[in-house]
Amino acid sequence: MSDSNTDKPDELAGTEQPFVQHLMELRDRMIKAVIAIGIAAAILALYPGPGALYDLLAAPLVAALPKGATLIATNVVSPFVVPIKILFMAAFMIALPVVLYQVWAFVAPGLYSHEKRLVMPLVISSTLLFFLGVVFCYYFVFGQVFKFIQSFAPKSITAAPDIEEYLNFVLGMFLAFGLAFEVPIAVILLVRMGVLSIAQLRQYRGYFWVVAAIGTALVTPPDAGSMLMLLAVVGGLYEIGILAAQVFVKHTKAPDADSDTEAAKP
């Protein structure tokens with residue numbers, strides 16, 4: 001009796017390409033991604049411009065500073081380099097859908113149909129969740145954090161933060177909150193790879209809250225409000241991840257997974 005798996009045609013049959021052809025396709029995909037970032041950067045350079053982008057990024061801090069106080073540049077080239085960095089950072093975020101599409105178009109031919117159903121939703125949802133984390137940090141966290149910090153400043157000190165230091169602080173906060181919002185993706189991957197089951201995730205819920213509390217205390221400034229906000233969001237995303245994992249795993253099984261399960265039954 002022949003094996004049922006060997007009777008099935010391989011979905012990837014005929015898709016093999018020479019190594020050099022793979023490299024050429026990768027080069028073309030990278031060029032298209034770079035062009036997309038360049039076009040976005042050119043548009044942003046014309047409007048609103050690098051300076052206006054930095055003003056937008058610095059708005060939450062400036063609003064919390066004493067009247068008449070501004071940010072300063074302690075490096076000679078900082079007034080030019082820092083806005084240019086922000087320009088390309090914003091251009092990359094705007095062009096990210098094109099970049100992700102080029103990555104997807106390069107790897108998709110080498111994936112089975114059930115793997116495609118797994119990868120693309122994860123790429124889209126993880127990108128959206130990261131953006132949500134950045135937006136949450138900018139609009140809901142920065143204002144309270146900067147007010148809290150300025151409330152502790154002695155009257156004898158004039159606040160004048162350096163623009164380069166502020167950029168580094170903002171990027172670190174954006175990264176921390178963006179990654180925190182990836183909790184549902186991490187939960188789904190843990191279940192999909194068989195590391196943990198849905199029942200175990202529910203069982204370990206208490207441990208997760210303890211770890212999340214320690215993590216949020218480390219990544220957020222010494223402000224109880226912002227820490228509690230991030231903790232509540234991460235906890236809620238953990239619960240959403242458990243619910244999403246049940247649906248996601250069910251719809252991304254390999255075609256022969258169900259048949260193998262049925263064949264194993266007596």
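In this predicted model, helix 3 packs against helix 4 at an angle of about 85°, and their axes lie 8 Å apart. The two helices are therefore roughly perpendicular to each other. On the side of helix 3, the contact involves Pro50, Gly51, Leu53, Tyr54 and Leu57. Helix 4 answers with Val82, Pro83, Ile84, Ile86, Leu87 and Ala90. Sorted by class, these residues are ten nonpolar, one polar and no charged.

I turn next to the packing of helix 3 with helix 6. Helix 3, residues 50-64, meets helix 6, residues 163-180, at an angle of about 80°, with 11 Å between the axes. That angle makes helix 3 roughly perpendicular to helix 6. Here helix 3 contributes Tyr54, Leu57, Ala58, Pro60 and Leu61, while helix 6 contributes Ile163, Tyr166, Leu167, Val170 and Phe174. This contact consists of ten nonpolar residues, with no polar and no charged ones.

Let me now consider the largest pocket. Its space amounts to about 590 Å³.

As for the origin of the lining, helix 3, helix 4 (78-107), helix 5 (113-151) and helix 6 each supply at least two residues. Helix 4 gives the most, with seven residues. In class, the lining of the largest pocket comprises 20 nonpolar residues, no polar and no charged.

How values were computed: Residues numbered from 1 in each chain as written. Predicted model: local features only at pLDDT ≥ 70, side-chain atom pairs only at ≥ 80, totals over all residues. Heavy atoms only, no water. Axes fitted to C-alpha atoms, helices over the stretch in contact; angles between N-to-C directions. Helix = DSSP H or I, 4+ residues; strand = E, 2+ residues; numbered from the N terminus. Parallel < 35°, antiparallel > 145°, perpendicular 65-115°, else oblique. Contact = heavy atoms within 4.5 Å. Nonpolar A, V, L, I, M, F, W, Y, C, P; charged D, E, K, R; others polar. 1 Å grid on protein atoms, 1.4 Å probe; cavity = no way out; pocket = protein on both sides within 12 Å on 5 of 7 lines; lining within 4 Å. Points joined across faces, edges and corners; volume = space filled by probe spheres on them.
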